[in-house]
Amino acid sequence: MAFTAADVKTLREMTGVGMMDCKKALSATDGDMDKAVEWLREKGMAASAKKAGRIAAEGMAMAEVVNGVGVVVEVNAETDFVGKNEKFVSFVKGVAATVAKENPADMDALMDCKYDGSDLTVTQQQQEMVLVIGENIKVRRFARFTDGTSVAYVHAGGKIGVLVNLETDLPAEKVEAVGKDVAMQIAALNPRFWDKAQVTQDVLDEEKKIMMVQMENDPKMASKPEQVREKIVLGKLNKFYAENCLLQQEFVKDGDMTVEQYIAASAKALGGTITFKNAVRFEKGEGIEKKQENFAEEIAAMVKG
């Protein structure tokens, strides 16, 4: 029985075992998925297979600068309690160090990398953590900056990890406070765009359409000439930028300036130049569909059984 790349991916997701070993298992079992899982478990490679199906939406987002390389990762676990476990936190830091050192091209490449300071791959180390902690654990995503100066910020013990990347002629330690302030702004307000120049025409067209409809439904505005309404829309778009674009947002620590003005003022005070280049914001569990469990019903079912 033949098998496909999709089958290899499915088996990997079910067991947490590396891609090459999943291929071997499917080859040895003629593509039979159940037998492949059994084969891997017999080899001692998929002891965590039963846990792999559980939803992992807790854990932590970690941002760090490792030897000048900015890294942000998200590693998920099933419960918030495990997210505070020292061994789990150490594992997440090791994943970040691996990303910094190995520069993996994607998640598959990362999982096949040697885990920092170990002969095991990241996949194998993840399996070890599952066995030690007793929960499904999954390295979910990562981002990495090598150019410029990166500043990391972790909010609420790993609920949000932010990595800000700056271009500057100043030493990293001098711009760290500026980078952290910007990162805190990103963590708190989660802007849709970094700069108004990134807002695409289709987004602007949609916003204009909504604003025009709103005015048409407002008796006071509907009677105004179209050119007047157009000017009002332009004013509303400036508000849209101020709410949705980081650099145009009101700086949280000083409402008299925007984030862009804060960066420029800080650079001037420090005697150099600082330009915001990019950032990444990871929030743990973001986008993961969490299963709502009724434990009372579960216990009642167990009693009846």
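Residues are numbered from 1 along each chain as its sequence is written. Because the model is predicted, local features need pLDDT of at least 70 and side-chain atom pairs count only at pLDDT 80 or more, while totals for chains, interfaces and linings use all residues, and side-chain values use heavy atoms, with hydrogens and water left out.

Begin by colouring the model by pLDDT, the predictor's confidence in each residue, from 0 to 100: the protein averages 88, and 90% of the residues score at least 70. Then select residues 291–305, where the pLDDT is below 50 and where the stretch has 1 contact (heavy atoms within 4.5 Å) beyond near neighbours in sequence.

Next, select residues 5–15, helix α1, together with residues 19–28, helix α2, whose axes come within 9 Å and cross at roughly 110 degrees. The two helices are therefore roughly perpendicular to each other (65 to 115 degrees). Show the side chains of Asp-7, Val-8, Leu-11, Arg-12 and Thr-15 on α1 and of Met-19, Cys-22, Lys-23, Ala-25 and Leu-26 on α2, which make the contact.

Finally, move to residues 86–102, helix α5, and residues 122–133, helix α7, whose axes come within 11 Å and cross at roughly 175 degrees. α5 and α7 are therefore roughly antiparallel to each other (over 145 degrees). On α5, the contact is made by Lys-87, Phe-88, Phe-91 and Thr-98, and on α7 by Val-122, Gln-125, Gln-126, Met-129, Val-132 and Ile-133.

Technical notes: Axes are lines fitted to C-alpha atoms, for helices over the stretch in contact, and angles run from 0 to 180 degrees between N-to-C directions. Helices (H or I, at least four residues) and strands (E, at least two) are DSSP runs, numbered from the N terminus. Angles under 35 degrees count as roughly parallel, over 145 as roughly antiparallel, 65 to 115 as roughly perpendicular and the rest as oblique.
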